[in-house]
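Please read the following report alongside the sequence and the coordinates. It moves from single side chains to the chain as a whole.

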Amino acid sequence: MTTTEPPRLGGDPSGPAPSIAEAPGRAEGLELLGPVKGSGYKDGANLVRRADGQIVQLGPLMYSVLDCIDGARTVDELAGDLSDRLGRTVGPEHVVRLAEKLADLGLLAGSEHQAPPRRNPLLALRWKVLVTNPRWTVRLTNPFRFLFRPWVMWPVLAAFAGVVWFVIIRKGVASATADAFHRPGLLLLVFALGVVSAGFHEWGHAAACRYGGATPGGMGMGVYLVWPAFYTDVTDTYRLPRRARLRVDLAGLYFNAIVAVLTMAVWLFWRVDALLLLVALQVLQMVKQLSPVIRADGYHILSDATGVPDLYSHMGPTMKRLLPGHRRQPSALSGRARLLVTAWVLVIVPVLFGLMFSAVLLLPHLATSAWDSGRLIARAIPHQIGNGQVINLFDSVLELLALVLPVLGSLLVTQKFVRMLVGRARSWSKDSPVRKIAAASAAAGAVALLMWAWWPSGQYQPVRANQNGTISGLVHLVAAPTSAARPAVVAGPTLTPGAHLAVAMIPAAGIGPHTPAVFIIPGTNGRPATELLLGGGRAGPTNTGATAVPFKLPAPPGPGGNQALAVNTTDHG
């Protein structure tokens, strides 16, 4: 994941105008990044970076004023310099007014204390910890710049295509999964290599930044919602042409491809199928990074393709222009950029609301699944500690963490979304009693809807393997939320009295609280199959619906036949 600080477009105009010194100077630690090449704005865009790391976007006029300010020249001298630079008359009063706007953003000396706080978007890294400073980043990534030479890059990409075809299409990952789960040590090895490859992904961004002629910032770790993530500061790439910026955006995916090719080479030598999971993991990571919804590589690719540094800041204005009566409202974006940003907004807004709405409705299922699986895993931990099974213990801890994080992520997204809506509603209804009543009514309706969705009514059941988890299923969930919030209670299939043939899966160690036995009985006359679970912490057999491949009962045994019949009760019940 690359990170470029989102630009801030303006300050707080309601505050008092700061006093401007006779010879104003720039704020301490301020860095002028220059114009954005290939900008999607009609008048262009220029970026500066404050000492706290916040990127501020300025128009050409204000950037020219800031560029002239040096702490030595007076306002009159600055007016003359600007007049020569812009080719039109600029008076001292104009310089003072523009300088006041710069001070509102904390860009002038003495105004740092009144600078607007750094933006903290919903979908952004938090609690970032720097691991390498810019000097060490350059030293660590310099040896990898040659990987972007065409005579190296294109053969690697061709080899990656062959690896993906072999692993995903021809061989598959079933044997790799079985190998890893039967040997926990290999599973932990794949997990560790996956973490290392995520860090190597960030080296790709920094190396491409150096290859293009820019200077990368620090590399570190942070938390994306609740998930740990690596990041690389490549804000300096704004100095580069669009093609070079796109190379930096795609470099992390390219380094994932390198990891997949190297893994395949090791597999050819070692022949341990569990390693192929690392190849599949690289493909999954690449697909995730290409998503334009989160602030990952796909978002930055789209941002650099349109020349708009912060796409999310244009979501509100774009939606407003789509409303009747606002279509002729002026836009700061050029025609091509405005078209691409509008298409992105039309896709991203329904997806974001659909995901948030689904997260609220599916939270009971998610929490119940985490509790049901986590309880079984937690029961095995004392046994692993007592027997000194360190690898199995570490594997159990990772599984518990993987169960808890999605639930925490859903709660965090819900909480932040609610806080955002409350803040917007307060701002919208601040000075209007009618709007306050409308906002309060909407809030009461939202609370009632939430209570209706979370009130126990059969939805607190673990997610089952035979449930629909496709995109069409998500669309159906949003269109018909009652199916998730108030699921229909369907009675499980019943067995007719008599003998039944079943496929039995009984653990070799016997039936116990952690090792249930499974019996699958085919249905008759179009009825669904029946699954009986015995053990696994259950007091008795549990009769539930099952997804099973139909099979026919064998013919009655003839002379010399070797069939056997097993029943689970003495009275053949």
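Is Glu-31 buried, partly exposed or exposed? Glu-31 has a relative accessible area of 29% and is therefore partly exposed, where buried means under 20% relative accessible area, exposed means over 50%, and partly exposed lies in between, with a 1.4 Å probe and protein chains only as cover. The structure is a predicted model, in which local features need pLDDT of at least 70 and side-chain atom pairs count only at pLDDT 80 or more, while totals for chains, interfaces and linings use all residues. Residues are numbered from 1 along each chain as its sequence is written, and side-chain values use heavy atoms, with hydrogens and water left out.

**Salt bridges**

A salt bridge is taken here as a side-chain nitrogen of Lys or Arg within 4 Å of a carboxyl oxygen of Asp or Glu, and by this rule the count comes to 8 salt bridges. The table lists some of them, including the one formed by Glu-31.

| Pair | N to O distance |
|---|---|
| Glu-31 and Arg-49 | 3.0 Å |
| Arg-85 and Asp-67 | 3.0 Å |
| Asp-81 and Arg-73 | 2.4 Å |

The side chains of Glu-31 and Arg-49 meet in a salt bridge. Because Glu-31 lies in strand E3 (residues 31–35) and Arg-49 in strand E4 (residues 46–49), the pair ties together parts that are 18 residues apart in sequence; helices (H or I, at least four residues) and strands (E, at least two) are DSSP runs, numbered from the N terminus. Arg-49 counts as buried because its relative accessibility is 16%.

The side chains of Arg-85 and Asp-67 also meet in a salt bridge. This pair links distant parts of the chain, with Arg-85 in helix H2 (residues 75–86) and Asp-67 in helix H1 (residues 60–68), 18 residues apart. Arg-85 is partly exposed, with a relative accessible area of 41%, and Asp-67 counts as partly exposed at 31% relative accessibility. Together with Arg-26, Asp-67 and Arg-85 are linked in a network of salt bridges. In the pair formed by Asp-81 and Arg-73, Arg-73 is partly exposed, with a relative accessible area of 26%.

**Buried positions in helices and strands**

In helix H4 (residues 134–141), Thr-137, Val-138 and Thr-141 are buried. They cover an arc of only 100 degrees around the axis, which puts them on the same side of H4, the arc being that of the directions from the helix axis to the C-beta atoms.

Asp-304 is placed in helix H10 (residues 297–306) and, at 8% relative accessibility, counts as buried. Leaving aside its neighbours within four places in sequence, Asp-304 is in contact (heavy atoms within 4.5 Å) with Arg-242, Arg-245, Leu-246 and Asp-249.

Strand E11 (residues 530–534) is mostly covered, as 4 of its 5 residues are buried. Strand E10 (residues 517–521) and E11 pair in the antiparallel sense over 5 bridges, where two strands pair if DSSP finds at least two bridges between them. Within this pairing, Leu-533 in E11 is the bridge partner of Val-518.

Thr-515 is located in the loop between strand E9 (503–505) and E10, and is partly exposed, with a relative accessible area of 30%. Although Thr-515 and Leu-376 are 139 residues apart in sequence, their C-alpha atoms are 10.0 Å apart in space.

**A nonpolar surface patch**

Leu-189, Leu-193, Val-266, Phe-269 and Trp-270 form a nonpolar patch on the surface, with about 510 Å² of accessible area together. The elements that give two or more residues to the patch are helix H7 (184–212) and helix H8 (242–270), and H8 gives the most, with 3 residues. Patches are made of residues with over 30% relative accessible area and no salt bridge, like charges being joined within 9 Å and nonpolar side chains (Val, Leu, Ile, Met, Phe, Trp, Tyr) within 5 Å. Leu-189, which is found in helix H7, counts as partly exposed at 33% relative accessibility.

**The chain as a whole**

The secondary structure of the protein chain comes to 16 helices and 12 strands, and buried residues make up 40% of its 573 residues. Of the contacts in the protein chain with a separation of 6 or more, 66% are accounted for by residues 24 or more positions apart. The protein chain exposes about 31800 Å², of which carbon and sulfur atoms supply 65%; accessible areas come from the Shrake-Rupley method with a 1.4 Å probe, and for residues only the protein chains shown count as cover.
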